[in-house]
Amino acid sequence: MPRISADQSTRRAFARRAVLALAVLAVAGVGLRLTLDGGAESAWATLAGPALRAPAAATALDADLERRFEAAQLDAAAGGVELRITSGWRSAREQQRLVDEAMTRYGSAEAAHRWVLPPERSAHVAGLAIDVGPAAGAQWLEQHGSAYGLCRVYVNEPWHFEPLVAPGTPCPELQPDAGAALG
Ligand SMILES: [Zn+2]
């Protein structure tokens, strides 16, 4: 039955080509998503294999924020107060891991986001936030931070600071928590 087997082989070849085409489309789709939507990093983190890299974004703490912090750190030290960064820039992957942990701990996205924002909304991922310690250092920075343009942001996070204002300008009022900013 040469005709049937030729037919089968044609069908098989077609199926192989279809699978290949779908794979190419899937990869292209992920690539397009990466290019067009730099914010979709949480979705990206679950889609991408280890060979892909995160879309171009912040890869370090903002240089100006770093300078502001170093100036504050020097002045704190001059006053005998230790001040250090406990968490600065985070990759989207790292941030998503923290969100997942918080989801497990707090049981819902809403509760988790009071503490950890999704990657596309996190100032840490943008390189524009620092968590500082120890507690006395954070307290010092809350009192003196506006001189350096460093502001505590949330009532529930005394350790979290962002460069929200120009140095020497008063900081805005505290927000209750990070989730409040999500609206
Ligand atoms: Zn923080």
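**Exercise 1. Helix α6**

Find which residues of helix α6 (residues 135-144) are buried, and where they sit around the helix axis.

*Solution.* Step 1: take the cut-offs, where buried means under 20% relative accessible area, exposed over 50% and partly exposed in between (1.4 Å probe, protein chains only). Helices are DSSP runs of H or I with at least four residues and strands are runs of E with at least two, numbered from the N terminus.

Step 2: apply them to this predicted model, in which local features need pLDDT of at least 70, side-chain atom pairs count only at pLDDT 80 or more, and totals for chains, interfaces and linings use all residues. Residues are numbered from 1 along each chain as its sequence is written, and side-chain values use heavy atoms, with hydrogens and water left out.

Step 3: in α6, the buried residues are G137, A138, W140 and L141. Looking down the axis of α6, these fall within an arc of 160° (from the directions between helix axis and C-beta atoms), so they line one face of the helix. A135, Q139 and Q143 are exposed on the other side of α6.

Step 4: the cover over the buried residues of α6 includes α3 (63-78), β2 (130-133) and β4 (157-162).

**Exercise 2. Aromatic pairs**

How many aromatic pairs does the structure hold, and what is the geometry of each?

*Solution.* Step 1: rings of Phe, Tyr and Trp (its six-membered ring) pair if their centres lie within 6.5 Å; planes under 30 degrees apart count as stacked, over 60 as edge-to-face and the rest as tilted.

Step 2: the structure holds 2 such pairs. Y106 and W115 are stacked, at 6.2 Å centre to centre with 15° between the planes. Y106 counts as partly exposed because its relative accessibility is 35%, and W115 does too, at 29%.

Step 3: W140 and Y148 form a tilted pair, with 6.1 Å between centres and 35° between planes. Both of these residues are buried.

**Exercise 3. The whole chain**

Describe the make-up of the protein chain: which elements does it have, and what share of its residues is buried?

*Solution.* Step 1: there are 7 helices and 4 strands. Read from the N terminus, their order is α-α-α-β-α-α-β-α-β-β-α.

Step 2: 33% of the 183 residues count as buried.

Step 3: for contacts (heavy atoms within 4.5 Å), take those with a separation of 6 or more; residues 24 or more positions apart account for 55% of them.
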